[in-house]
Amino acid sequence: MFLIIGYVVVIGAVLGGYLPHGEFGVLVQPLEILIIFGAAFGTFLIANPLSILKRSISYTIRALKGPKKKAAYLELLICLYAIFRLAKSKGDLALESHVENPESSSLFGNFPGVTHDHHALEFLCDYLRLLTLGTTNAYELEAVIDQELEAHHEEEHMVPDAIQTVGDALPGLGIVAAVLGVIVTMGSVTEPPEVLGGLIGAALVGTFLGILASYGFVGPTSAIIKKTLDQDAKFYSCMKAALIGHMQGYAPQVSVEFARKTLPHDIRPSFKELDDALQNAPTA
């Protein structure tokens with residue numbers, strides 16, 4: 001939502017400062033737009049595989065929705081508590097049927113916010129499966145989780161980095177469009193001043209659009225995608241802390257408290273909020 005508001009503010013501020021002294025029609029230069037944004041899209045295709053293009057679209061939509069809210073983390077903590085409670089009462093092997101088919105699990109079915117996040121659900125089930133297979137060394141498991149999270153972090157940040165690269169190129173592509181406009185203008189030097197003025201103005205629009213698109217839209221979009229990914233990464237670190245706590249033999253409520261303390265204040269449920277929610281935690 002704030003991304004869209006930001007776009008509107010940028011457009012409003014730029015046009016609001018220009019229109020009292022200029023004409024909007026001068027800024028509408030379809031060929032300049034074609035040169036700049038067509039070339040920008042081409043450079044993106046040259047530098048990145050198709051998978052990055054697809055993920056760029058989905059990550060931008062994700063940024064529009066914003067990062068996960070406090071309610072999502074509260075649901076995750078309750079889910080982890082229910083899992084560990086079952087494991088403590090019946091043993092880790094009791095989790096096997098749930099982690100093998102989480103979509104049809106009576107346990108995971110109580111937590112739609114967790115099950116709808118495919119990557120997070122797969123991450124959680126993979127490590128719960130290791131518990132059912134007899135993994136007992138918490139420090140070794142923590143090292144494996146850290147390696148996976150680092151690889152996941154690098155993979156996800158390829159998208160905002162790719163978008164930022166295009167943003168960095170846009171001012172230069174704007175200059176390319178402007179130079180082409182100047183070339184056209186130089187071929188019309190015998191025209192009257194009013195014609196030359198229009199041609200020069202059209203050429204300068206290319207530089208204007210390239211700089212505005214870079215610093216007003218593409219760069220900030222890359223930044224908000226990166227911030228969204230970084231905040232949503234807390235979902236995984238939260239699961240990691242709880243898993244390590246469970247493997248070290250702590251009670252379910254203590255394990256989820258460890259996880260709760262890893263969260264930033266703006267998305268961290270209070271101790272009382274979590275305690276009250278755990279009183280009504282569903283069972284398998």
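Buried residues account for 38% of the 284 residues in the protein. The model is a predicted one. Its secondary structure amounts to 14 helices and zero strands. A search of the whole structure turns up 11 salt bridges. The points below go from the overall fold to single residues.

**Fold and dimensions**

- Read along the sequence, the pattern is α-α-α-α-α-α-α-α-α-α-α-α-α-α.
- The radius of gyration of the protein is 26 Å, whereas a compact globule of 284 residues would have one near 19 Å.
- The C-alpha trace spans about 90 × 35 × 30 Å along its principal axes.
- Take the contacts between residues at least 6 apart in sequence: 77% of them join residues at least 24 apart.

**Surface and charge**

- The protein exposes about 15000 Å². Carbon and sulfur atoms supply 66% of that area.
- The protein has 19 positive and 29 negative charges.
- Side chains of opposite charge can pair when their charged atoms come close.

**Salt bridge between R62 and D232**

- R62 and D232 meet through their side chains in a salt bridge, at 3.1 Å from N to O.
- R62 sits in helix α4 (residues 50-65) and D232 in helix α11 (residues 193-232), so the pair ties together parts that are 170 residues apart in sequence.
- R62 counts as partly exposed, because its relative accessibility is 27%.
- D232 counts as buried, because its relative accessibility is 5%.
- The pair also belongs to a network: salt bridges link R62, E156 and D232.

- E156 lies in helix α9, which covers residues 138-156.
- E156 has a relative accessible area of 9%, so this residue is buried.
- Leaving out residues up to four places away in sequence, E156 touches R55, Y59, R62 and L229.

**Salt bridge between K68 and D117**

- K68 and D117 join their side chains in a salt bridge, at 2.8 Å from N to O.
- This pair links distant parts of the chain, 49 residues apart. K68 is in the loop between α4 and α5 (70-90). D117 is in the loop between α7 (112-115) and α8 (118-132).
- D117 counts as buried, because its relative accessibility of 16% falls under the 20% cut-off.

**Salt bridge between K70 and E273**

- K70 forms a salt bridge with E273, and their closest N and O atoms are 3.9 Å apart.
- E273 lies in helix α14 (residues 271-279) and K70 in helix α5, so this pair ties together parts that are 203 residues apart in sequence.
- E273 has 36% relative accessibility and therefore counts as partly exposed.
- K70 has 32% relative accessibility and therefore counts as partly exposed.

**S56 in helix α4**

- S56 is found in helix α4.
- S56 is buried, with a relative accessible area of 6%.
- S56 touches F44, V159 and I163, when residues up to four places away in sequence are not counted.

**F24 in helix α2**

- F24 belongs to helix α2, made up of residues 24-27.
- The relative accessible area of F24 is 47%, so this residue is partly exposed.
- Not counting residues up to four places away in sequence, F24 touches L15, Y18 and L19.
- F24 and A39 are 15 residues apart in sequence. In space, 24 Å separates them, C-alpha to C-alpha.

**Q279 in helix α14**

- Q279 is found in helix α14.
- Q279 has a relative accessible area of 56%, over the 50% cut-off, so this residue is exposed.
- Q279 and N101 are 178 residues apart in sequence. In space, the two are 26 Å apart, C-alpha to C-alpha.

Key
Residues are numbered from 1 along each chain as its sequence is written. This is a predicted model: local features need pLDDT of at least 70, side-chain atom pairs count only at pLDDT 80 or more; totals for chains, interfaces and linings use all residues. Side-chain values use heavy atoms; hydrogens and water are left out. Helices (H or I, at least four residues) and strands (E, at least two) are DSSP runs, numbered from the N terminus. The radius of gyration is taken over C-alpha atoms; the globule rule is 2.2 Å times the number of residues to the power 0.38. Buried means under 20% relative accessible area, exposed over 50%, partly exposed in between (1.4 Å probe, protein chains only). Contact means heavy atoms within 4.5 Å. Accessible areas come from the Shrake-Rupley method with a 1.4 Å probe; for residues, only the protein chains shown count as cover. Lys and Arg count as positive and Asp and Glu as negative; His and the chain ends are not counted. The place of a charge is taken as NZ of Lys, CZ of Arg, CG of Asp or CD of Glu. A salt bridge is a side-chain nitrogen of Lys or Arg within 4 Å of a carboxyl oxygen of Asp or Glu.
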